[in-house]
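Colleague: I have the file open now. Can you walk me through it?

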Amino acid sequence: MKVTQLDCLCLILLHLLHTSGSERFEVLGPSDSIVAVAGDDIILPCYLKPNISAEDMTVDWLNLDFLDGRVFRYQNHRIIREDQILFYSGRTSLYEEELWRGNTSLKLTRVQGTDEGRYKCLIQSKSWYDDFTVQVLVKGEVYFHVNVIISLQYNDITSFLHITGHSMCLFVHSLSPVNIQSVCVSVAVGSKPVVSIEGHREGGMGLLCETEGWHPEPELVWLDSKGVHLSAGPPEIDKDSKGFYTVKQHVIVQETDTNRFTCRVQQSQINEKMETEIHLPIVGSKPVVSIEGHRGGGMGLLCETEGWHPEPELVWLDSKGVNLSAGPPEIDKDSKGFYTVKQHVIVQETDTNRFTCRVQQSRINEKMEMEIHLPSELFDTTPWRISFIVLCCLGAITVIGLSLAIYCIRNKKGNGQII
């Protein structure tokens, strides 16, 4: 049989039509978002329909939130690392042993907050291409304490149960017909709030509450001792590179009968809350200084202050601000928890004879002082001075006695002359 050029052309056209028709395919993936937790490993499912081999095709995974957003490329039976986004390096891979079945799913390890975004799975053959897009969300810490991937296959259905230290995801892949479903559960819990004292602010006491490591953003609430909400400043919110939130909030409180205040952090999506209570220091009285008299060759002084919480510190200083060696503090705590503190000191005569008692409470940077100026005469205790003072006193008494005697004698003489 003679084959004409027309027959050859027809055969070629039929072959091309058959080839192009046989390479038509769809790219499918999950319809729901993939929920991940920073630090975990996740799978981004992607399959061909029908389940033909992708070994001779080009597989691209792209992050659509980046201009040149190549996450991963497989081409000509090898992995192409050129033009890959730098922070995906060493964290992406395909299940190459599954390519013959049309499985082009991407495994992404050590998830970061910057991994959140839209991912496109693009597959190209010599004459056809298709793609699909999936959303990835990144959350914070949770409380699953295992890390395992379980794969189950029954007939044309393959299931992947991925349980990590922070999340649990179930992927179900059906080959006939091709269908992918995914369900992910994740819980984000940050740190217990930390409360610090900022000092006096606008007639009250400034407090700061801070918590970190949350996703999504939590809420901070200030409460008094009765559980009533306090009016606080706007929250200061910061999100780090891994997607974790740090939240701070300032409040100014007034003195109450208890001086107890609470900062609460709460995450309504998981009904999670943590609280930290602070008992504010109470400023007591200004120190009172009294003279106790001669003690051990010097002058004894006593300093006393009351009404403090927590316990304050007493310090004795000379006129140059140098600490003096004093006795141990005498501490008393009353039924309401308020402290009274006393401290004795023995001082020697100086060029100024000025001494200061300071009471201080380091937690709120509070201090009060009382200075005393002692006369030099109080320090005169030498024997000749004492003898002189005694003789002067005796002389004065003698003079007074003689004067009274003379006065009486003259009175009697005067009375006798009148008679």
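Colleague: What is the secondary structure of the protein, then, and how many helices and strands are there?

Modeller: This is a predicted model, to begin with. Its secondary structure comes to two helices and 29 strands.

Colleague: And what share of the residues is buried?

Modeller: Of the 419 residues in the protein, 38% are buried. The accessible surface comes to about 24,500 Å², and 55% of that surface belongs to carbon and sulfur atoms.

Colleague: What about contacts, how much comes from residues 24 or more positions apart?

Modeller: Taking contacts with a separation of 6 or more, residues 24 or more positions apart account for 56% of them.

Colleague: On to sheets. What is the strand order in the open sheet of six strands?

Modeller: The order is E2-E11-E10-E5-E6-E7, and the pairing is mixed. Strand E2 (34–37) and E7 are the edge strands, each pairing on one side only.

Colleague: Inside that sheet, how many bridges join E10 to E11, and which way do the two run?

Modeller: Eight bridges join E10 to strand E11, residues 129–139, and the two run antiparallel. If you want a position to look at, Cys121 stands opposite Phe132 in E11.

Colleague: What holds paired strands together, in general?

Modeller: Backbone hydrogen bonds, with the strands either parallel or antiparallel.

Colleague: There is also an open sheet of four strands; what is its order?

Modeller: That one reads E16-E17-E20-E19, with antiparallel pairing. Strand E16 (194–201) and strand E19 (236–239) stand at the edges with a single partner strand each, so one side of each has no neighbour in the sheet. Neighbouring strands there are turned by 20° against each other on average, direction ignored.

Colleague: How many bridges does E19 have to E20?

Modeller: Four bridges join E19 to strand E20, residues 245–253, and they run antiparallel. Ile237, for instance, has Val247 in E20 as its bridge partner.

Colleague: Change of topic. How many aromatic pairs are there in the whole structure?

Modeller: A search of the whole structure finds three. One of them is Phe87 with Tyr88, a tilted pair at 4.8 Å centre to centre with 35° between the planes.

Colleague: Is Tyr88 buried or exposed?

Modeller: Tyr88 counts as buried, at 0% relative accessibility. Phe87 is partly exposed, with a relative accessible area of 28%.

Colleague: And what is the geometry between Tyr88 and Tyr119?

Modeller: Tyr88 and Tyr119 are edge-to-face, 6.4 Å centre to centre, with 90° between the planes. Tyr88 lies in the loop between strand E7 (78–79) and strand E8 (92–94), while Tyr119 is in strand E10 (residues 117–124), so the pair ties together parts 31 residues apart in sequence. Tyr119 counts as buried too, because its relative accessibility is 0% and the cut-off for buried is under 20%.

Colleague: Which residues end up in the ring cluster?

Modeller: Phe87, Tyr88 and Tyr119 are linked into a cluster by ring pairs.

Colleague: Now charges. What is the salt bridge count?

Modeller: The count comes to 10 salt bridges. One of them joins Asp60 and Arg73, with the closest N and O atoms 2.8 Å apart. That pair links distant parts of the chain, with Asp60 in strand E5 (residues 58–63) and Arg73 in strand E6 (residues 70–75), 13 residues apart.

Colleague: Are Asp60 and Arg73 buried or exposed?

Modeller: Asp60 is buried, and so is Arg73.

Colleague: Which residues does the salt bridge network take in?

Modeller: Asp60, Arg70, Arg73 and Asp83 are linked in it.

Colleague: Last one: how far apart are the closest N and O atoms of Arg101 and Glu98?

Modeller: They are 3.2 Å apart, in a salt bridge. Arg101 counts as buried at 14% relative accessibility, and Glu98 counts as partly exposed at 22%.

Technical notes: Residues are numbered from 1 along each chain as its sequence is written. This is a predicted model: local features need pLDDT of at least 70, side-chain atom pairs count only at pLDDT 80 or more; totals for chains, interfaces and linings use all residues. Side-chain values use heavy atoms; hydrogens and water are left out. Two strands pair if DSSP finds at least two bridges between them. Axes are lines fitted to C-alpha atoms, for helices over the stretch in contact, and angles run from 0 to 180 degrees between N-to-C directions. Rings of Phe, Tyr and Trp (its six-membered ring) pair if their centres lie within 6.5 Å; planes under 30 degrees apart count as stacked, over 60 as edge-to-face and the rest as tilted. Buried means under 20% relative accessible area, exposed over 50%, partly exposed in between (1.4 Å probe, protein chains only). A salt bridge is a side-chain nitrogen of Lys or Arg within 4 Å of a carboxyl oxygen of Asp or Glu. Contact means heavy atoms within 4.5 Å. Accessible areas come from the Shrake-Rupley method with a 1.4 Å probe; for residues, only the protein chains shown count as cover.
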